Amino acid sequence: MPDKKCSENSEQNDCVMPVRSANPIRARSLIRDNLEKQAGCLNLIHSRMPNIKVFSGTSHPDLAQRIVDRLGIDLGKVVTKKFSNLETCVEIGESVRGEDVYIVQSGSGEINDNLMELLIMINACKIASASRVTAVIPCFPYARQDKKDKLAGSDDTEEAKKLAKKNYDWKFRSRAPISAKLVANMLSVAGADHIITMDLHASQIQGFFDIPVDNLYAEPAVLKWIKENIPEWKNSIIVSPDAGGAKRVTSIADRLNVEFALIHKERKKANEVASMVLVGDVKDKIAILVDDMADTCGTIVHAADRLVEAGATKVYAILTHGIFSGPAISRINNACFEAVVVTNTIPQDGHMRDCPKIQCIDVSMMFAEAVRRTHNGESVSYLFSNVPY
């Protein structure tokens, strides 16, 4: 006879009863069913996501912590330090054998050091027998150097100014590097099996890899912010500060059912905008500038001034990656923006302290959901048009 106590608990806890059957096949089936019930009970004790480890580099620990909080797991233990000659040293503080590893490292701050740290962390996990290593790179480094018809670096740099003074030909630069491809090769050689990033400067960068790349979009979060924070958004117009962002703004405008415009920018030489031609009617409308990134903010500030001259009542700027280097903060403070909205793919706490116009959209839930879906073998395409709650 089965134990009375076990019988009482069976209804509540699915206690495993002794298997008694004359049919051996039936007995094996009962054993299997009971073991599955036991495994279900154990899963309530263990982590909700077994066999997964998430590590953070030093570039953006806050975002990594938000991701693991959303997943309901702990951040992996890792120690990063530098030797006296500034070599990077990484020590993984726990076993990753057979684990699904995710390393969060954004292309911000000291970009070269952070990129090298990411490569070392990937390789350390790979040679420690991790089953899969995924690099979560919210802001992909060197993404602007994706083709040969552009000089490496920003047009606002001192190097660019010096070259301009030497009257170099700024139209044909056949010796410029394709550094984004080089970064892709380095990540693959280091041992990365998968890449998760957001709003690549050029979507064709995905083709630089021979491994899967999930390029998430900030667009769903941007749409949500517009509807919740701009009361008159139905009287708005979405504007691209350059011709390259036309596809981005048309997609947002279609989903909001509003009009769009773009600004055609012409340069005679580096660091000098010859003219900005507005294509579209912004008179008596709220202009929302949308771009994937802003570095020194020269372009969006000129674009905002042009929109005000054309009759826009208010000007907002919404950017995925707010780099804000050099004179960017002072330019924004002196510009006519109602708000400059960025995501936290790059740390923004310091920028928000220095500039009250800067507001931040948290996209950690999108990366967390991408990690969860990747780990469980589910489709990630849902995130291309929805914000997970």
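Rings of Phe, Tyr and Trp, the last by its six-membered ring, pair if their centres lie within 6.5 Å; planes under 30 degrees apart count as stacked, over 60 as edge-to-face and the rest as tilted. By this rule there are three aromatic pairs.

The model is predicted: local features need pLDDT of at least 70, side-chain atom pairs count only at pLDDT 80 or more, and totals for chains, interfaces and linings use all residues. Residues are numbered from 1 along each chain as its sequence is written, and side-chain values use heavy atoms, with hydrogens and water left out.

One of the three pairs is Phe140 with Phe209, edge-to-face at 6.0 Å centre to centre and 80° between the planes. Phe140 sits in the loop between β5 (132-137) and α5 (158-165) and Phe209 in the loop between β6 (194-198) and β7 (213-216), so the pair ties together parts 69 residues apart in sequence. Helices (H or I, at least four residues) and strands (E, at least two) are DSSP runs, numbered from the N terminus. Phe140 is buried at 4% relative accessibility, and Phe209 is buried at 7%; buried means under 20% relative accessible area, with a 1.4 Å probe and protein chains only.

Next, Trp225 and Tyr316: ring centres 6.3 Å apart and planes at 70°, so this pair is edge-to-face. Trp225 is in helix α7 (residues 219-229) and Tyr316 in strand β12 (residues 314-322), 91 residues apart. Both Trp225 and Tyr316 are buried.

Now the sheet. Five strands form an open sheet, ordered β1-β4-β5-β6-β7 with parallel pairing; two strands pair if DSSP finds at least two bridges between them. β1 (52-56) and β7 are the edge strands.

Notes:
Buried < 20%, exposed > 50% of the residue type's maximum accessible area, 1.4 Å probe, protein only.
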